[in-house]
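Subject: Structure handover

Hello,

Here is the structure we talked about. Please load it before reading on.

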Amino acid sequence: MAEQHRRICPFCEATCGLLLTCEGRTVTRVEGDKADPFSKGFICPKGAALADFDADPDRIKTPLIREDGEFREASWDEAFTYIDDQLATIKERHGRKAIAAYAGNPSIHNLSLVTYIPGLLKALASPNLFSASSVDQVPKQLVAAAMFGTGLTVPIPDIDRTDYMLIIGANPLVSNGSMMTAPDFGGRLKALQARGGRIVVIDPRFTQTAKLADAHYTIRPGSDAYFMFALVHTLYEEGLVKTGTLAEHCNGLDELEELAKDYSPEAVSERCGFDAAVIRQIARDIAAAPTATVYGRIGTCTQRFGTLASWLPDVIHILTGNMDREGGAMFTRPAHGPGNTKGEPGKGHGLRTGRRQSRVRGRDELFGEYPVACMAEEMDTPGEDQIRALITIAGNPVLSTPNSARLDAAMAGLDFMVSLDVYLNETTRHAHVILPGVSPLEGSHYDLAFSQLAVHNYARYTPAIFPVPEGQLDEWEILLRLMGVVAGMGSNADLKFLDTMVMTTLIQREVALPTSKIFGRGTDEILEGLTPRVGPDRMLDFMLRTGPYGEGFGADPDGVSLNKVIASGTGIDFGPLQSRIPQILRTPSGKIEVVPQCVAKDMARLRAGLAENKNGLLLIGRRHVRSNNSWLHNIPMLVKGKDRCTLTIHPDTAAAHGLIDGAPAKVRSRVGEVTVPVEVTDTIAPGVVSMPHGWGHDYSASQMGVAEAHAGVNSNILTDELELDEPSGNAVLCGIPVTIESV
Ligand SMILES: Nc1nc2c(c(=O)[nH]1)N[C@H]1C(S)=C(S)[C@@H](COP(=O)(O)OP(=O)(O)OC[C@H]3O[C@@H](n4cnc5c(=O)[nH]c(N)nc54)[C@H](O)[C@@H]3O)O[C@H]1N2
Ligand SMILES: Nc1nc2c(c(=O)[nH]1)N[C@H]1C(S)=C(S)[C@@H](COP(=O)(O)OP(=O)(O)OC[C@H]3O[C@@H](n4cnc5c(=O)[nH]c(N)nc54)[C@H](O)[C@@H]3O)O[C@H]1N2
Ligand code: SF4
Ligand SMILES: [Mo]
């Protein structure tokens, strides 16, 4: 008999509510859940493919051990005994620093992973931690931490109430939004226009978002910081600055005018490929709009001036009175109680970075990690503390990080590698042991990260639809077992004991906080209050009950708990975003640091770059509505149709290089070369070429039949591991200098 189940989509940051029709263990239909108060029935092609992903016969379900270049199925005990043996030997011979870890993007979309990875990494006690953050959003987090005090205090464009939205380096109609959780982004943009608002898009490509916008302007890749400084310059020069009452909460406001002095629209026009008069007009429009917001994403983060280009939108918010007010940029107040709701309101220890440096390049640690662009050199440069073993969790760095040919070779040289993943792919083929993750439908779901980046305050939860299959382990159990291994407790530590230990640590920290709802209470009493739950659901319940709306284990009977969220059905609505400054601040000064050090220190580099790079071809990326980074290319309905892994190029640029539509071209950068079919289109600016990332499924030994048949080319063979956004260490993936010739 058919049954219907709700499930929050795990595939992207929009967190849409889906409705699944199931017959037995089979999902027969996936649709948008109209009853979901946040996503209201929205669904995209990826969400619709959830059933196909669940049923994908290539998804791995048993531990795999590589022997003589071939993978064979193994029992869990055999797999963990092998892992324990290898890691213990490496640690004994080379020390804890020799074992590294990389966590990929789906780690954040998966409740088991997001709650249990921290414990594993702590037990690993290695400085060599990496993640997809440093090919993504780390500049935004650096700026948030430096200005407001924590890395997730990210101002969120108040899309549902704003009158003007400047979208720069983002294509939310395709990506469905990122670092800003807003299901049906397109519908929200149309509603913005319908209430008389205006949308302006700045992108080297004429994207789907640009098509919907009221105006679109192209920009030279990597020059967004100059453009936005020119907006700031104009605001000052034309007397348009109106900070209002926020000024009393700001440190360093008066430095801004001086910093922007040299970047008049006329001074940056050529560098940006942007008409100075248009820049002035945009500044005036932002200042004149009743409310306005600036939203930047991958195009402004994964570029040379990623930190500055992620900071400037907030400067514009502050200078135009749009920071922390309705219709501007605001702060979410999520129910699970992240750092900016803990401790004394309005003050904290702020950003701490540089507690250690990477061995080869001497890069500072940031948020406990080194830039992933440094990972290969830490593996292939001999010496003390060289990385010899790697644990990957839900990551595919061979396709997603810069100079992937070097990383691919470095991984092949590791003494040992273990991967927790759902596919045998370009990265996991290097593993000696692959541990299989479960289907998303076999675990419960709550978005810890995205509920703190959402445009509305919600708590939404969906339970597991199917049980974890007989003989498989849930991912949190796998992580606990790995934790036991790296903590020296052997291959088969008592998971119940470890789980209680992890939970107890969280409780102990909370009851010691004088501002906590459960300050001074007994750990055992709280632990008892969480029974009979275990695993991620227990942790989630604890977070919700001690969070800002929480019932505090009896302290506030009207407050929330996981039971209450479950009882609500589609989730609890805590209302639209509200002003939260100064309570949300966690800087030592108790103020917004308007010009933080990470920004001030990078101004000289910005100045030096003003004269550079006016000609020459620059490579950028792009996304497609039927892709998800590197890992949904094995789903037939998502790869059907014409080849999407092409090099798009403007007709004039193509003609100048003797390239014709459909023919292959050779693209070269400092680090590599690829051959890729050309797609001539006037939807891209002259002098810029674009290739999507996440393709190149033609590595031998991977096991994804559909993806291999639609292999495409790995664009990260061209991106350069030495090119970083200096302050954050984020990789530069947009604006890579390349040369092109026809083949
Ligand atoms: N050139 C270029 N490169 C880029 C980008 C770009 O724009 N241009 N974008 C960057 C960005 S924003 C990101 S986020 C990174 C992504 O970088 P990664 O996170 O390294 O790569 P993904 O392609 O997301 O791969 C995710 C992996 O997780 C596995 N997986 C999926 N679901 C689960 C699960 O539930 N459990 C487990 N255990 N495994 C799972 C998949 O099989 C896959 O191996 O790529 C970056 N790379
Ligand atoms: N369908 C789909 N959705 C996704 C993903 C996916 O792979 N497919 N990935 C998810 C992930 S992990 C993330 S992080 C988000 C990313 O979300 P978005 O940032 O919205 O995604 P992109 O489509 O990469 O948009 C970046 C835009 O920046 C432009 N650009 C490139 N260089 C520059 C520049 O120098 N300046 C300016 N102004 N623009 C530039 C590109 O042309 C592109 O249109 O998407 C998420 N959603
Ligand atoms: S927009 Fe994102 S969350 Fe919504 S259905 Fe598509 S992939 Fe899933
Ligand atoms: Mo990302």
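Predicted model: local features only at pLDDT ≥ 70, side-chain atom pairs only at ≥ 80, totals over all residues.

Residues are numbered from 1 along each chain as its sequence is written, chains are lettered from A and ligands numbered from 1 in the order in which they are written, and side-chain values use heavy atoms, with hydrogens and water left out.

**Ligand 2**

There are 31 residues around ligand 2 (near: a heavy atom within 4 Å). Ser175, Asp203, Asp224, His624 and Asn629 come nearest. Polar contacts are pairs of N or O atoms within 3.5 Å. An N or O atom in the Asp203 side chain is 2.7 Å from an oxygen atom of ligand 2. A polar backbone atom of Gly222 is 2.8 Å from an oxygen atom of the ligand. For a backbone N or O atom of Ile298, the distance to an oxygen atom of ligand 2 is 3.1 Å. On its own, ligand 2 has 910 Å² of accessible area (Shrake-Rupley, 1.4 Å probe), and the protein covers 98% of it.

Helices here are DSSP runs of H or I with at least four residues, and strands are runs of E with at least two, numbered from the N terminus. α6 (172-175) and α13 (298-301) each give at least two residues to this shell. The largest share, three residues, is from α6. Domain 2 (155-338) and domain 3 (615-742) each supply at least three; the bounds come from an automatic or database domain assignment. By class, the shell has 12 nonpolar, 12 polar and seven charged residues (nonpolar: Ala, Val, Leu, Ile, Met, Phe, Trp, Tyr, Cys, Pro; charged: Asp, Glu, Lys, Arg; polar: the others, Gly among them).

**Ligand 1**

Ligand 1 has 29 residues around it, with Tyr102, Asn105, Ser400, Asp421 and Ser630 nearest. A nitrogen atom of ligand 1 lies 2.7 Å from a backbone N or O atom of Ser400. A polar side-chain atom of Asn716 is 2.9 Å from a nitrogen atom of the ligand. α16 (397-400) and β18 (416-421) give two or more residues each to the shell.

**The sheet**

β18 also sits in an open seven-stranded sheet, order β5-β4-β19-β18-β17-β6-β7, with mixed pairing (strands pair if DSSP finds at least two bridges between them). β5 (70-73) and β7 (129-131) are the edges. β6 (99-103) runs parallel to β7 over three bridges. Tyr102 has Phe130 in β7 as its bridge partner.

Best wishes

Technical notes:
Polar contact = N/O pair within 3.5 Å; in protein donor to acceptor, adjacent residues only side chain to side chain.
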